[in-house]
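Hello,

Here is the structure I promised to pass on. My notes follow below it.

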Amino acid sequence: MSIRTLFLLADEAAIRRAADVIRAGGLVAFPTETVYGLGADALSEPAVARIFEAKERPRGNPLIVHLANAAALDSVAARVPSRARDAAARFWPGPLTLVLPRAGTVPLITTGGLETVAARVPAHPVARALIEASGRPIAAPSANRSGRPSPTRAEHVREDLDGRIELILDGGPTPVGVESTVLDLTTEPPLLLRPGGVTIEALRDCLGPVDVLGSDDEEAAGRSPGLRYRHYAPRAQVIVVDAGTGERVVAPWLEAGRPVALMAQRSVSLEHPGLRVRTMPDDLRAYARDLFAALRELDSTGVEAIFVETVTEEGMGLTIMDRLRRAAS
């Protein structure tokens, strides 16, 4: 059944209306500092079930519970170790998600059937205001159809979810542009499940040793959103190529009359009517902020493939390459 989706600028009146929708069991898309989230009452099984339906998301993919403040962590986690409080003090509000033992108040549908819960306190003022106004912890994956590039603007949400949810709050472009870092604190040492807006270097500076998820650790990967299934992919094929090789790699496609796009952190000398070029910022935080919007923009031109040159895998580069490899998988 199609739903009339309201599209509202995120002022105080709109946030109050969105909070009413959350309390009534409805779905609201709202900006966070990372990407737009699709929110529902995290403690309501029927409301959370609607998230999976609207996104066409597999039920085994856990959701992140968004909290108003760090003190609320005790209401969703059965145990909060001291290092979790250290991480919260350093990085919250902000783009860090902590995986902890689930409290009985959190239904299993929210955690993907797991006995762990993923939680964070967002930094975006609209997200914080919505959580506080609703009086509920809000479960919120990215507000896109499952598998598509994450939305960093309200119009991206409308492209994917118009007619499927009650309300979209437009808070402008998101400042980080990629999802939160997910850190598992049920292991020793802590385990980085998903790189994101907080770098591995910053985590180690705060907590000491932090391991990184291995490519073959399926059990641990299941504790994080966004790892078990295809993610971040436009309709066009995404192909990751070595830095500096883009022109050479796309040439055969262009010669065969196949339109393609190229993303690179440099000027591209090749000119061809079938080639779309997107020059990405040298600064990796700016690159991450623009990444998903660039993929959507190039995809809208009708190209068959989007070739993306690699970036250095340090700092935010680790996050960028993680998203690109998953989009290309």
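Start at threonine 5. Its side chain reaches the backbone oxygen of isoleucine 165 at 2.6 Å. Bear in mind that this is a predicted model. Threonine 5 sits in the segment before E1. The C-alpha atoms of threonine 5 and leucine 161 are separated by 8.6 Å, though the two are 156 residues apart along the chain. Not counting residues up to four places away in sequence, threonine 5 touches Leu161, Asp162, Gly163, Arg164, Ile165, Glu166, Leu167 and Ile168. Is threonine 5 buried or exposed? The relative accessibility is 15%, under the 20% limit, so threonine 5 counts as buried.

**The sheet**

Eleven strands make an open sheet with mixed pairing. The order is E1-E8-E2-E3-E7-E4-E6-E5-E9-E10-E11. Strand E1 (6-9) and strand E11 (211-212) are the edges, each pairing on one side only. Inside the sheet, E3 and strand E7 (residues 138-139) pair in the antiparallel sense, over two bridges. Alanine 40 has alanine 139 of E7 as its bridge partner.

**The cores**

The largest nonpolar core holds 47 residues. Leu73, Leu96, Leu98 and Ile165 have the most contacts inside it. Which elements give two or more residues to this core? They are strand E3 (36-41), helix H2 (45-55), helix H3 (82-91), strand E5 (96-101), strand E6 (116-120), helix H5 (154-161) and helix H6 (200-207). H2 gives the most, with five residues.

Neighbours within four places in sequence aside, leucine 96 is in contact with Ala87, Phe91, Ala119, Arg120, Ser180, Thr181, Leu183, Val198 and Leu203.

Look next at threonine 97, in strand E5. Threonine 97 has a relative accessible area of 0%, so this residue is buried. Its side chain makes a polar contact with the side chain of serine 180, at 2.8 Å. Beyond its neighbours within four places in sequence, threonine 97 is in contact with Ile64, Ala118, Ala119, Arg120, Ser180, Thr181, Val182 and Leu183.

Helix H9 (residues 284-299) has 16 residues. From first C-alpha to last, H9 reaches 22 Å, close to the 22 Å expected at 1.5 Å a residue. Where does H9 bend? The bend is at leucine 291, by about 45 degrees. At the start of H9, a side-chain oxygen of aspartate 283 comes to within 3.2 Å of the backbone nitrogen of arginine 285. Of the 16 residues of H9, 13 are buried, so the helix is largely enclosed by the rest of the structure.

Helix H10 (residues 316-328) has 13 residues. H10 reaches 19 Å from its first C-alpha to its last, close to the expected 18 Å. Its buried residues are Met316, Gly317, Thr319, Ile320, Met321, Asp322, Arg323, Leu324 and Ala327. What covers them includes E10, E12, H9 and strand E15 (305-309).

Isoleucine 239 lies in strand E12 (residues 237-241). Leaving aside neighbours within four places in sequence, isoleucine 239 is in contact with Trp253, Ala305, Ile306, Phe307 and Val308.

**Backbone points to check**

- The peptide bond from tryptophan 92 to proline 93 is cis, with omega near -5 degrees. Proline 93 is in the loop between H3 and E5.
- The peptide bond from glutamate 188 to proline 189 is also cis, with omega near -5 degrees. Proline 189 is in the loop between strand E9 (181-184) and strand E10 (191-194).
- Glutamate 56 has phi near 60 degrees, a positive value in a residue other than glycine. Glutamate 56 is in the loop between H2 and strand E4 (64-66). At 48% relative accessibility, this residue counts as partly exposed.

Best wishes

Conventions: Residues numbered from 1 in each chain as written. Predicted model: local features only at pLDDT ≥ 70, side-chain atom pairs only at ≥ 80, totals over all residues. Heavy atoms only, no water. Core = buried A, V, L, I, M, F, W, Y, C linked by side-chain atoms within 4.5 Å. Buried < 20%, exposed > 50% of the residue type's maximum accessible area, 1.4 Å probe, protein only. Helix = DSSP H or I, 4+ residues; strand = E, 2+ residues; numbered from the N terminus. Contact = heavy atoms within 4.5 Å. Expected span 1.5 Å × (residues − 1). Bend = angle between axes of the 7 residues up to and from the residue. Polar contact = N/O pair within 3.5 Å; in protein donor to acceptor, adjacent residues only side chain to side chain. Pairing = 2+ DSSP bridges.
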